[in-house]
Amino acid sequence: MMIRTVATTPYDDQKPGTSGLRKKVPVFQQPNYAENFIQSVFDSLEVFEGKTLVIGGDGRFYNREVIQTAIRMAAANGFGRAIVGKGGILSTPAASNVIRKNGAFGGLVLSASHNPGGPNEDFGIKYNVGNGGPAPERITEAVFVRSKEIDRYLISDAAEIDIDDVGKRSVEGMTVEIIDPVVDYAALMETLFDFAAIRSMFEGGFRMAFDAMHAVTGPYAKEILERRLGAPEGSVRNFVPLPDFGGHHPDPNLVHAKDLYDLMMSDEAPDFGAASDGDGDRNLIIGKGIFVTPSDSLAMLAANAHLAPGYARGLAGIARSMPTSAAADRVAEKLGIGLYETPTGWKFFGNLLDAGKVTICGEESAGTGSDHVREKDGLWAVLLWLNILAARRESVKQIAAAHWAEYGRNYYARHDYEAVDTDAANRLMAELRGKLADLPSTAVGDLTIAFADDFEYHDPVDQSVSRHQGVRIGFEGGSRIVFRLSGTGTSGATLRVYIERYESGPDRLDLATSDALAELVAAADEIAGIARHTGRTEPDVVT
Ligand code: VG1
Ligand code: CO
């Protein structure tokens with residue numbers, strides 16, 4: 001075995017986005033592409049000599065190759081120990097837990113999350129820091145700077161490392177510990193939730209369908225839901241992780257988890273339906289006959305969290321990303337706790353969680369989580385819902401109706417325009433930003449604009465400032481439209497338009513979302529010129 005210093009030349013496109021570096025597999029397969037990025041990460045960190053690095057991924061195509069590379073590079077760069085999920089598998093929240101539990105220096109999570117996988121689809125690499133959460137912007141910016149000047153990387157020429165058997169090996173003096181990816185995570189869940197109560201609910205005939213979408217949560221859900229909680233075999237579907245996710249997008253929304261949605265709306269619907277994404281950090285919640293928007297789910301989970309043992313002490317505060325609806329704000333207000341509004345991306349919650357300012361966090365993009373790890377956590381959200389259902393002995397529909405009656409309802413939808421021409425998308429945003437000052441007080445149809453700004457976040461813990469995080473248009477009466485460009489896509493640009501309207505009248509809690517939002521949808525096009533700039537008259541995905 002020998003450590004080699006390999007000369008390389010920089011790539012200019014290794015800028016981490018909302019959640020790490022994501023590119024098409026053929027881009028990652030270019031000579032030294034993954035190596036350059038991993039070395040740029042290592043070169044941007046403080047001293048880690050002898051420390052522990054966690055390595056895992058969501059099992060997608062190219063995962064195993066990069067796991068091998070990452071282990072060899074970690075050894076060559078001086079890490080003392082690598083903890084690797086068996087088969088190269090660790091869900092994102094499980095990786096976060098392994099980092100925290102072992103006091104690791106950090107971790108590499110190989111995933112492109114909800115993006116499709118396969119030889120011509122997406123791959124990704126993300127670095128997480130010692131608190132278990134995604135690296136803050138200060139680090140991701142340093143990585144990008146480094147990636148543009150890198151001229152060498154260090155790698156061991158060790159032969160292929162066995163990652164398929166639990167146990168310890170050694171590479172260049174670095175210990176490689178292959179661990180079961182599920183055990184620690186399942187144990188953590190048992191400390192948070194009333195497994196006995198959920199188990200007896202299943203014994204009483206409660207039924208659920210969990211769609212793992214052929215992605216990483218399959219083995220986790222099988223173990224926790226079927227083996228430990230006693231859900232009948234077959235409750236977890238599509239549970240075998242596949243490198244191409246069976247050719248589907250492992251994105252738990254109403255488009256890509258349509259089979260589950262159709263089941264939950266049918267006469268054969270079980271009591272509860274849920275799904276998770278490629279790397280296990282997102283969740284979709286559907287009750288019998290009712291889809292719960294992620295924004296509403298955050299609010300309902302926050303309002304009921306005290307019913308689970310892990311949160312019986314109450315919540316310190318709630319954080320949500322800016323485009324997420326204000327439903328959680330009303331819960332925070334009632335509980336008399338803080339509500340924090342952050343930019344899109346889980347990395348912005350880390351400081352608030354570390355400082356003990358918040359207990360629960362959420363994003364409209366199907367991400368919910370708490371201070372148990374520093375990532376959003378799909379199965380955690382499913383288990384908290386199950387715990388609440390077991391404690392309240394009511395249906396999802398009843399819980400939602402009671403919630404809306406108490407707090408009012410934030411009708412909400414996100415419209416995505418995918419693979420839009422990048423220049424056209426940038427022009428749309430630039431034009432919008434250019435006229436923000438003129439918008440307040442102007443009328444759009446029957447609506448009047450109350451405020452218009454470009455969201456800027458001042459982190460209350462480390463005082464860092466993040467600018468240009470999305471254009472917000474607020475209307476008199478409380479409705480809101482947000483425009484921003486995605487930072488996770490790999491082809492062209494994705495324009496996201498987030499639309500929200502609040503209603504509290506008892507006779508206005510049961511509208512169809514599309515009807516409730518129709519006027520705002522028209523206003524969004526009028527204000528931003530979506531069709532004019534992009535040539536699109538309909539969104540590709542509505543969630
Ligand atoms: C999207 C979501 C964001 C989420 C991010 C990573 O980012 O909007 O809320 O945190 O994906 O999720 P963007 O920049 O495309 O809007 V995951 O589950 O893809 O790691
Ligand atoms: Co994800």
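Ala419 sits in strand S19 (residues 409-420). Helices (H or I, at least four residues) and strands (E, at least two) are DSSP runs, numbered from the N terminus. The phi of Ala419 is near 50°, a positive value in a residue that is not glycine. Most residues other than glycine have a negative phi.

Asn32 also has a positive phi, of about 65°, and is not a glycine. Look for Asn32 in the loop between helix H1 (25-28) and helix H2 (33-43). Asn32 counts as partly exposed because it has 17 C-beta neighbours inside 10 Å.

## About the model

This is a predicted model, in which local features need pLDDT of at least 70 and side-chain atom pairs count only at pLDDT 80 or more, while totals for chains, interfaces and linings use all residues. Residues are numbered from 1 along each chain as its sequence is written, and chains are lettered from A and ligands numbered from 1 in the order in which they are written.

## Three domains

The protein chain divides into domain 1 (3-180), domain 2 (185-407) and domain 3 (409-542), with bounds from an automatic or database domain assignment. Between the C-alpha centres of domain 2 and domain 3 there are 26 Å. Their contact takes 19 residues from domain 2 and 19 residues from domain 3; two residues are in contact if their C-beta atoms, placed from the backbone, lie within 7 Å. On the domain 2 side, helix H12 (350-354) and helix H14 (396-407) each supply at least two residues. That side has eleven nonpolar residues, seven polar and one charged. Here Ala, Val, Leu, Ile, Met, Phe, Trp, Tyr, Cys and Pro count as nonpolar, Asp, Glu, Lys and Arg as charged, and the others, Gly among them, as polar.

## Nonpolar cores

In soluble globular proteins, nonpolar side chains tend to be buried together. A nonpolar core is a set of buried Ala, Val, Leu, Ile, Met, Phe, Trp, Tyr and Cys residues joined through C-beta atoms within 7 Å. The largest core here has 129 residues, of which Ala82, Phe210, Ala302 and Leu384 touch the most other members. Helix H13 (residues 378-392) gives this core its largest share, eleven residues. Domain 1 (3-180) and domain 2 (185-407) each contribute at least three residues to this core.

What does Ala82 touch, beyond residues up to four places away in sequence? The contacts of Ala82 are Leu53, Ile55, Ile71, Ala74, Met174 and Val176. A second, separate core of 31 residues includes Leu428, Met429, Ala493 and Ile530.

## Buried or exposed?

Ile99, in helix H4 (residues 92-101), counts as buried because it has 29 C-beta neighbours inside 10 Å. Val183, in helix H6 (residues 183-192), counts as exposed because it has 12 C-beta neighbours inside 10 Å.

## Around ligand 1

Which residues come nearest to ligand 1? Of the 18 residues around ligand 1, these are Thr18, Ser113, Ser486, Gly487 and Thr488; a residue is near if its C-beta atom, placed from the backbone, lies within 6 Å. The shell around ligand 1 holds one nonpolar residue, twelve polar and five charged.

Notes. A residue is buried if 20 or more other C-beta atoms lie within 10 Å of its own, exposed if 12 or fewer, and partly exposed in between; C-beta atoms are placed from the backbone.
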